[in-house]
Amino acid sequence: MKFFVDTAEIDAIAELNDLGMVDGVTTNPSLIKKSGRDILEVTKEICDLVEGPVSAEVIATQADDMIAEGRKLAEIAENIAVKLPLTWDGLKACKVLSGEGKMVNVTLCFSANQALIAAKAGATFISPFIGRLDDINLDGMDLIEDIRTIYDNYGFDTQILAASIRSVNHVLESARIGADVMTAPPEVIKKLATHPLTDKGLETFLKDAEAAGIKIV
Ligand code: E4P
């Protein structure tokens with residue numbers, strides 16, 4: 001499973017990237033706002049740092065304007081994936097931009113039918129939003145499972161990018177189902193390394209090491 005980081009914070013991306021854990025980055029207008037940076041500047045910096053796809057989202061809502069914005073974003077670097085909302089105009093823009101050889105991430109996907117039609121329009125990535133479905137008492141994992149089945153049934157190349165991940169369980173379930181990619185905030189990725197029994201076990205080992213006077217260097 002590929003790991004994308006869902007943030008526009010350079011330091012957080014760099015820390016995970018140094019550990020080889022960053023296969024790509026996703027941003028959206030809310031994350032850009034949170035960073036307090038200019039979208040073109042910060043996106044360029046992220047693209048210089050990370051080798052994999054960096055999603056940058058358009059803000060236009062009409063297909064022609066989305067295409068113009070997508071082309072401008074794609075000029076930032078070779079590894080830009082133009083992020084388009086899953087609307088009819090978004091699909092039109094997806095068809096054109098993917099036809100030009102650009103990576104396209106179709107975002108704000110909340111149904112398997114939306115994922116199916118995005119694949120037909122040539123999406124490189126489809127972003128089903130798990131956490132936001134959970135927020136309204138629907139099961140985001142059912143959606144990932146349905147999309148996996150449909151894409152496998154028909155051999156679609158579109159990669160399932162599990163998004164709106166809020167917990168380590170979301171990561172685990174997405175991996176079990178076979179999502180190609182997951183994107184999560186840095187805090188959630190770091191939490192993957194933690195377990196209370198690891199902390200408890202380490203505490204005991206360190207106490208015993210002290211009691212035994214163990215020294216290594
Ligand atoms: C993905 O590309 C989105 O930027 C992100 O996962 C949305 O997450 P949220 O629902 O926690 O805002």
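Start your tour at two helices: α4 passes α5 in a right-handed crossing. (A crossing is right-handed if the near helix is turned clockwise from the far one by less than a right angle, and left-handed if anticlockwise.) What you have open is a predicted model, where local features need pLDDT of at least 70, side-chain atom pairs count only at pLDDT 80 or more, and totals for chains, interfaces and linings use all residues. Residues are numbered from 1 along each chain as its sequence is written.

**Stop 1: α4 and α5**

Select residues 63–74 for α4 and 88–99 for α5; they pack at an angle of about 45°, with their axes 8 Å apart. Helices (H or I, at least four residues) and strands (E, at least two) are DSSP runs, numbered from the N terminus. Axes are lines fitted to C-alpha atoms, for helices over the stretch in contact, and angles run from 0 to 180 degrees between N-to-C directions. The two helices, α4 and α5, are therefore oblique to each other. (Angles under 35 degrees count as roughly parallel, over 145 as roughly antiparallel, 65 to 115 as roughly perpendicular and the rest as oblique.)

Now show the side chains that make the contact: Ala-63, Met-66, Ile-67 and Gly-70 on α4, and Asp-89, Gly-90, Lys-92, Ala-93, Val-96 and Leu-97 on α5. Residues are in contact if their C-beta atoms, placed from the backbone, lie within 7 Å. Color this α4–α5 contact by class and you get six nonpolar, two polar and two charged residues. (Ala, Val, Leu, Ile, Met, Phe, Trp, Tyr, Cys and Pro count as nonpolar, Asp, Glu, Lys and Arg as charged, and the others, Gly among them, as polar.)

**Stop 2: the barrel**

Switch to the strands. Eight of them close into a barrel, in the order β1-β2-β3-β4-β5-β6-β7-β8, with parallel pairing. From one strand to the next, the twist averages 30°. Two strands pair if DSSP finds at least two bridges between them.

Pick out β4 (residues 80–85) and β5 (residues 103–109): these parallel strands are joined by five bridges. Click Ala-81, and look for its bridge partner in β5, Met-103.

Move along to β6 and β7, a parallel pair with two bridges. Ile-126 stands opposite Ile-160 in β7. On its other pairing, β7 joins β8 (residues 181–184) in the parallel sense, again over two bridges. There, Leu-161 has Val-181 of β8 as its bridge partner.

**Stop 3: around α8**

Which helices does α8 meet? Select α6 (residues 112–120): its axis and that of α8 come within 9 Å and cross at roughly 40°. That makes α6 and α8 oblique, therefore neither parallel nor perpendicular. Their crossing is right-handed. Show Ala-112, Ala-115, Leu-116 and Ala-119 of α6 with Leu-143, Asp-146, Ile-147, Ile-150 and Tyr-151 of α8 to see the contact. By class, this α6–α8 contact has eight nonpolar, no polar and one charged residues.

Next, select α9 (residues 168–177), whose axis comes within 10 Å of that of α8, crossing at roughly 20°. So α8 is roughly parallel to α9. Met-141, Ile-144, Glu-145 and Arg-148 of α8 touch Glu-173, Ser-174 and Ile-177 of α9. This group divides into three nonpolar, one polar and three charged residues.

**Last stop: the ligand**

Which residues are around the ligand? Select Asp-6, Thr-26, Asn-28, Thr-107, Ser-127, Phe-129, Gly-131, Arg-132, Ala-163, Ser-164 and Thr-183. A residue is near a molecule if its C-beta atom, placed from the backbone, lies within 6 Å of it. By class, the shell has two nonpolar, seven polar and two charged residues.

How values were computed: Two residues are in contact if their C-beta atoms, placed from the backbone, lie within 7 Å.
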